[in-house]
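Me: I would like to learn how to read helix packing and pockets in a model like this one. Could we go through the features one at a time?

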Amino acid sequence: MKKLLIITALVCLGIHAQATDLFKSSQDIKLRAPSVPLITSDTYFAIWSPYNTLTEGNTEHWTAEEHPLIGALRVDGKVYRFMGKDKLNLETLLPMANQKHWETKFTMNQPSAGWEKAEFNDANWKTGKGAFGTKDMRYINTEWNTKDIWVRRTFELDRDLTKETIYLRYSHDDVFELYLNGEKLVATDYSWNNDVTIELSAAAKKKFRKGTNVIAAHCQNTTGGAYLDFGLYRKQPVISNFTQEAIQKSVDVLPTQTFYTFVCGPVELDLVFTAPLLMEDIDLISTPINYISYRVRSLDKKEHDVQVYIETTPQLTVHQPSQPTISTMVSHNGMNYIKSGTIDQPYTIRKGDGVRIDWGYLYLSAPANEANKSLSIGNYYGMKQEFISTGKLMPTQDNYITRNIDDMPALAYTENLGKVNRTGKDGYLMLGYDDIYSIEYFYKRRMAYWKHNGKVTIFDAFDKYKTAYPFLMNRCREFDKQLLKDAEQAGGKEYAEICALVYRHAITAHKVITDDAGNLLFLSKENHSNGCINTVDLTYPSAPLFLIYNPELMKGMMTSIFYYSESGRWNKPYPAHDLGTYPIANGQLYGEDMPVEEAGNMVILAAAISLIEGNASYAEKHWETLSTWANYLLENGLDPQNQLCTDDFAGHLAHNANLSMKAIMAIAGYGEIARMLGKDDLAAKYNQAAKKLAIEWEKMANDGDHYKLAFDKSGTWSQKYNMVWDKVFNWNIFPSQIAETEVNYYLTKQNKYSMPLDSRKDYTKSDWVLWSACLAKDQATFEKFIAPIYVYANETTSRVPISDWHDTHTGKMMNFKARSVVGGYYMKLLMEKIHTTKQ
C-alpha cells in the first residue's frame, strides 16, 4: 500500500510539475551570496562558486581548493562557456612543491636591508627545500615554526620572456610579500590562500634578465599554521579553451536550489542546482546525489542546433593533486557511469580541518538507452576541442590513471538537444559521491545512513533519484516557497533571504550515520576552526534550524555525547567538548574542557526537544546523565570560574555574565523536563532555583544602562544571547526589563556591519547577533539588527560560504567559514513557530 501511495504521489506531482516552471526561481532574491552553493551533500562533496558570475572563475570546495565544474553550450556551432573556467595550459619554469621540492636559500632571522634584491649576498643563509611550513601543511619539505621566514630563490634565464605570457603562482599562510629582482609583485594582508595565480604585467616582465635572477619572498605567521610556496609558469597556446563567456542575467539562491539564467547568443539557458535536502526524509539528506538541470529556449523565432557540455575532473576525489587516481566507465541497470577515485582508497584515514576526501568514488551518470546523451573520459584539452569541433565527446579512454593535476582528464557529459525553438528543451545530469565508509565511530568504520548497512548501493540510489526527479524538483520548489514565506512572516524579507542563503550550508556540515544499536547520529564537522567532530558548542548554535524541521536530527547530534558519558569513556560531571577530529570520532581531542558551556548546551537542548515534541521521552532515556549535569550547573553556574565558552577565540573569561545566563536557562530547562516527567517536587525546586539565581544575576551584572560582560568588570558589555530561550519558551525566569535594557543598549553599538560580540573587540558572531535580535520587543526593532547583517552578507569581500565571525567595520571574515552554526540564524523562525503553535 505504501509503495502504491508513493507511485501515486510521483504521478500527481509529475503532472503538477509540468504546469510549473521548474527552471525559474519562485522568488526574486536580491541578496548577493558571498559564495553560491552549487553541489551540497556533506562536508566533502561540496562545491561553491565564490563569484558574482558563474564564469568568473573555477568552482571550489569550501576549503578554497579547486573542485572544477565547467559548462558550455554549443549553439549553431559556436560555443559559450556558462560555468567555470578552463585551467591554464602552463609550462613550468620554476616548479611548486606539488611538482618538485625546490632548493633555495632561507633565514628565519631578520635580514639586513636589500635582502630582496638580486645582488644581495645570502651566503650566510641556510639552504633548504620548499615548500616551507608547519608540519600539518601540504607539500612541506622544510619545517617552519617561527614567526617569520625569508626566502631567496635563484634561477637562470637564457631567453627573453618579455613577449611571453608569464604567470606567478603562490600559496601563503599568513602575511606574504614577494619580489622579482627587487621589484615587489605581491603584498597580502592577514590571509591564507593556495595556488593564487597572477599574470605578470609588462612592467614586471622587464625585470627579468638573462643570467641569474632572484625571486625573494617574506612570509609572517600571525597564528595557527604557516606556509610558503611559489612557482613561475609560461602560458602555452591552446585552441580548445571555451573562451566565449555566456552573459549571466540572474542568480537566485533558495534553500534547496540555486537558479541561474544566461544568454548564449540567440538562446537563453536556465541552469538549476538542486540538493534535495528535505529534512523530514533522512534518506534524502543523507544520499550524496545532486541534480544539475538545464533548459534552453530560442530568443528569436528561429530554431537553433544546441548541445550541452558539463565536465569535472578527478580533483573532486583527492586531498592533494599528486595522489594517483583512476577513472573508468561502468554500466548498471540501463545507466552508464563515470567512476573516479584514488587508487589507494585510504578509508577515513585522513583527518583534520582544511582537508578534502581522498577515498570513495565520484559518479556522473547518463541513461544508456538515450543516444543523444553520452559520457566520456579523456584528455582535458582534447575533450573540449572535440566538443567545439563536432558537438560530441572524444571516444572514452577507460581506466585513465593520473598522478598529478596536470595529467587529470576531463570527466565529461553531453546532451545533443538538437533543434531548439521558443518552447525549449531541457535535461539534467546527476552527480554523486559514494564514500564507502564515512566515519570512524568509537573504533568502527560506519557507512552513511543511506546505505542501510550495505543493503543499498550507489546504483540503487541513482535509480531512485532518476525515477523521483520530477517529484523531488517539485517538492524542493514547494518547500523553498513555504520556508521563505514563513521566514518573511517571522522576520521580514531580508531575514528570509538570509535564511535561504544558509539552509544547505548548515545541513551539509554534517554526516548521517547510525550506531550499533541503530540510533541515528548526525555528526558535525567544525569546518575552518579546528576540524573537530560532533562539537557540542556547534550543536547548540545550529539547533534552531533542526528543531524546526526535524528534532530527530537534533537528537542525532546529542546521542553520541550522551553515549560518551554513559559508556564510562567520559567520566566528568559535565559533557565533552567533542568526539575527536573529523572523521575520527573516538573521543575528545580538544585541549581544554568547557564545563558550564557544554553542560548548559546539552541540558537546554534536551529541554527544547521535550517541549517541541510535547513529551520528554528522549530526555528520560538520559535522565541520570542530565541530572548530573544540571546539578553541576546548580553548584557552579551562577558565577563561572575562569574558563572557555563557545566564544573561545576571545579567550578565557572568569565571571562571564552571558555564560552564567546559560547555566540559569539550563537549570530552568531541567525543571521543565522534570515537570513533563511528573517529577513535580523536583520541577518546583529547579524552577525556583533558576528564578532566584536570575535575581542574583541581575544584581551582579547591572551596570546602569546595560549589563556587564563579566560580573567584576564595570564599564564592559556583551550580547546576552543565551537569554533567548526565556523568550522562546515563555519561562519568565529573568525580569523582562533586562532584555529591554540590553536591546536598547545594543542599538547604540551598531556599526556598519552589525554590533560587536562584546566590548573587547570590534568583531562579531552573526549567529549570536540573530539570537540577540530575538530579544527585541517588536518586529521593527528586530529588523534594525537584521539590516546590518544583510549588508554584511551582501557586501563582504570575503567570498566564502558565509563566515559567522566578521569585523563589524570592514565586513571581512576574521576566521571561520562553511560552519553549521549558521543554522542559528533560524532562531526567530523557531520562536515564531513555537509561539504560533501555543496560540
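Me: Are helix 8 and helix 10 roughly parallel or roughly antiparallel to each other?

Reply: This is a predicted model, in which local features need pLDDT of at least 70 and side-chain atom pairs count only at pLDDT 80 or more, while totals for chains, interfaces and linings use all residues. Residues are numbered from 1 along each chain as its sequence is written, and side-chain values use heavy atoms, with hydrogens and water left out. Two packed helices are described by the angle between their axes and the distance between the axes. Here helix 8 (residues 536-549) and helix 10 (residues 595-613) pack at about 20°, with axes 9 Å apart, and they are therefore roughly parallel to each other. Angles under 35 degrees count as roughly parallel, over 145 as roughly antiparallel, 65 to 115 as roughly perpendicular and the rest as oblique; the axes are lines fitted to C-alpha atoms, for helices over the stretch in contact, and angles run from 0 to 180 degrees between N-to-C directions. Helices themselves are DSSP runs (H or I, at least four residues), numbered from the N terminus.

Me: Which residues of helix 8 meet helix 10?

Reply: Contact means heavy atoms within 4.5 Å. On helix 8 the residues are V536, D537, T539, Y540, A543 and L547, and their partners on helix 10 include M602, L605 and I609.

Me: How does helix 8 lie against helix 9?

Reply: The axes of helix 8 and helix 9 (residues 551-566) come within 7 Å and cross at roughly 155°, which makes the two helices roughly antiparallel. Among the residues in this contact are F546 and L547 of helix 8 and M554 and M557 of helix 9. By class, the contact has ten nonpolar, two polar and no charged residues, where Ala, Val, Leu, Ile, Met, Phe, Trp, Tyr, Cys and Pro count as nonpolar, Asp, Glu, Lys and Arg as charged, and the others, Gly among them, as polar.

Me: At what angle do helix 10 and helix 12 pack?

Reply: Helix 10 and helix 12 (residues 623-636) pack at about 130°, with their axes 9 Å apart, and they are therefore oblique to each other. Their contact includes V603 and A606 of helix 10 and W629 and L633 of helix 12, and by class it has eleven nonpolar, two polar and no charged residues.

Me: Which helix gives the most to the lining of the second largest pocket?

Reply: Helix 16 does, with six residues. A pocket is an open set of points on a 1 Å grid over the protein atoms alone, where a 1.4 Å probe fits, with protein on both sides within 12 Å along at least five of seven lines, and lining residues have an atom within 4 Å of a point. The lining divides into seven nonpolar, five polar and four charged residues.
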